[in-house]
Amino acid sequence: MSTRIAFLKGHGTENDFVIVPDPENAIDLPPAAVAALCDRRAGIGGDGLLHVVRSAAHPEARGMAAEAEWFMDYRNADGSIAEMCGNGVRVFARYLQRSGHAGEGDLTVATRGGVKTVHIAKNGDITVGMGRALLPEGDVTVGAGERSWPARNVNMGNPHAVAFVDDLAHAGDLLTPPPFSPAAAYPDGVNVEFVADRGPRHVAMRVHERGSGETRSCGTGACAVAVAAARRDGADPAVTGTPATYTVDVLGGTLVITEQPDGRIEMTGPAVIVAEGEIDAQWLESAVR
Ligand SMILES: N[C@@H](CCC[C@H](N)C(=O)O)C(=O)O
């Protein structure tokens with residue numbers, strides 16, 4: 001392996017990522033290496049890592065290679081694997097644009113949650129076709145401190161529990177994963193969103209992400225929140241026959257989410273590359289040992 005590994009750093013509404021371009025899938029990135037890179041003191045720092053691989057070169061993405069040239073091999077900050085990352089896929093597309101692999105307009109990106117369509121607009125914002133939400137039946141409860149709330153179970157490829165609260169401060173410091181029940185609702189853990197109203201079809205959220213802790217934004221979480229809010233508000237597009245658009249404020253900015261009557265969800269927001277550099281491969285090896 002070369003002694004230096006290229007990386008970039010980027011964010012979408014301040015959900016930040018270490019980006020590791022590796023077209024031929026030649027770099028070994030075990031969970032401990034990802035956790036070391038995402039460490040904010042001893043590493044580069046990030047809520048997650050975007051491993052940029054050609055679909056044809058990755059065993060999990062080969063079947064999508066005819067539809068999407070590039071695979072977003074997404075990892076959480078603790079090194080765990082997740083099915084999908086909504087902010088990550090916008091930042092991934094921005095990287096492809098910056099590196100000349102994509103231009104303005106439409107492209108497709110393979111993810112563990114399937115192939116996503118992405119539109120890079122002239123104004124700089126990026127829109128992602130996030131697919132459809134699944135709404136598993138059953139009551140779910142989430143807690144924080146002394147309080148607990150009923151939550152909506154929404155699956156955006158990855159699992160979410162959405163709780164409407166009077167005040168976002170009631171979620172507390174979110175230093176540990178919010179407890180939830182029943183345990184069987186989320187056998188692989190869950191991302192928990194706490195949501196407060198800001199106006200008509202306008203909400204604000206905080207999130208505790210599985211594998212990353214509290215982050216300043218979560219794209220799949222914002223989609224889950226918009227879906228849950230539309231059901232709560234009697235604005236389910238499948239019932240009304242009209243699209244429902246929600247503005248979702250996150251700690252790091254704003255995302256706009258539209259759900260169509262056929263269930264397709266689109267998310268629009270910014271994506272920024274802030275730096276690029278080289279990782280010392282020897283350091284990375286020693287961090288893994
Ligand atoms: N921040 C992401 C979601 C990342 C994955 C999540 N932590 C999980 O484990 O499901 C987003 O923007 O969607």
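E259 stands opposite I265 in strand 17. The model is predicted: local features need pLDDT of at least 70, side-chain atom pairs count only at pLDDT 80 or more, and totals for chains, interfaces and linings use all residues. Residues are numbered from 1 along each chain as its sequence is written. The chain holds five helices and 18 strands; here helices (H or I, at least four residues) and strands (E, at least two) are DSSP runs, numbered from the N terminus.

**Overall form**

- The radius of gyration of the chain is 18 Å, which agrees with the value near 19 Å that a compact globule of 289 residues would have. This radius is taken over C-alpha atoms, and the globule rule is 2.2 Å times the number of residues to the power 0.38.
- Along the principal axes, the C-alpha atoms of the chain fill a box of roughly 55 × 40 × 30 Å.
- Of the 289 residues in the chain, 46% are buried. A residue is buried if 20 or more other C-beta atoms lie within 10 Å of its own, exposed if 12 or fewer, and partly exposed in between, with C-beta atoms placed from the backbone.
- Among contacts between residues at least 6 apart in sequence, 62% join residues at least 24 apart. Two residues are in contact if their C-beta atoms, placed from the backbone, lie within 7 Å.

**The two domains**

- The chain is divided into domain 1 (4–125 + 271–288) and domain 2 (140–269), with bounds that come from an automatic or database domain assignment.
- The C-alpha centres of domain 1 and domain 2 lie 24 Å apart. Their contact takes 19 residues from domain 1 and 23 residues from domain 2.
- On the side of domain 1 that touches domain 2, helix 2 gives the most, with three residues.
- That side of domain 1 divides into four nonpolar, nine polar and six charged residues. In this scheme Ala, Val, Leu, Ile, Met, Phe, Trp, Tyr, Cys and Pro count as nonpolar, Asp, Glu, Lys and Arg as charged, and the others, Gly among them, as polar.

**The shell around the ligand**

- There are 19 residues around the ligand, and A82, N87, N158, G219 and T220 come nearest. A residue is near a molecule or strand if its C-beta atom, placed from the backbone, lies within 6 Å of it.
- Helix 2 (86–98) and helix 3 (219–232) are the elements that give two or more residues to this shell.
- Domain 1 and domain 2 each supply at least three residues to the shell.
- The shell has three nonpolar, 14 polar and two charged residues.

- Strand 15 (residues 244–250) has a covered face of A244, Y246, V248 and V250. Its uncovered face consists of T245, T247 and D249.
- Strand 13 (residues 202–209) runs parallel to strand 15, and three bridges join them; strands pair if DSSP finds at least two bridges between them. Across this pairing, A204 stands opposite D249.
- Strand 15 and strand 16 (residues 253–259) run antiparallel and are joined by seven bridges. They form a hairpin with two residues between them.
- D249 stands opposite T254 in strand 16, and V248 stands opposite L255 in strand 16.
- Strand 16 and strand 17 (residues 264–269) also run antiparallel, with four bridges. Their hairpin has four residues between the strands, and G263 takes a positive phi near 95° there.

**Residue I257**

- I257 has its place in strand 16. It is buried because 27 other C-beta atoms lie within 10 Å.
- Not counting residues up to four places away in sequence, I257 touches A222, C223, A226, T245, Y246, V248, I265 and M267.
- V203 is 54 residues from I257 along the chain, and their C-alpha atoms are separated by 11 Å.

**Helix 1**

- Helix 1 (residues 31–38) is largely enclosed by the rest of the structure, because six of its eight residues are buried. The buried residues are A33, V34, A35, A36, L37 and C38.
- These buried residues of helix 1 pack against strand 2 (15–21), strand 3 (48–54), strand 4 (70–76) and helix 5 (281–288).
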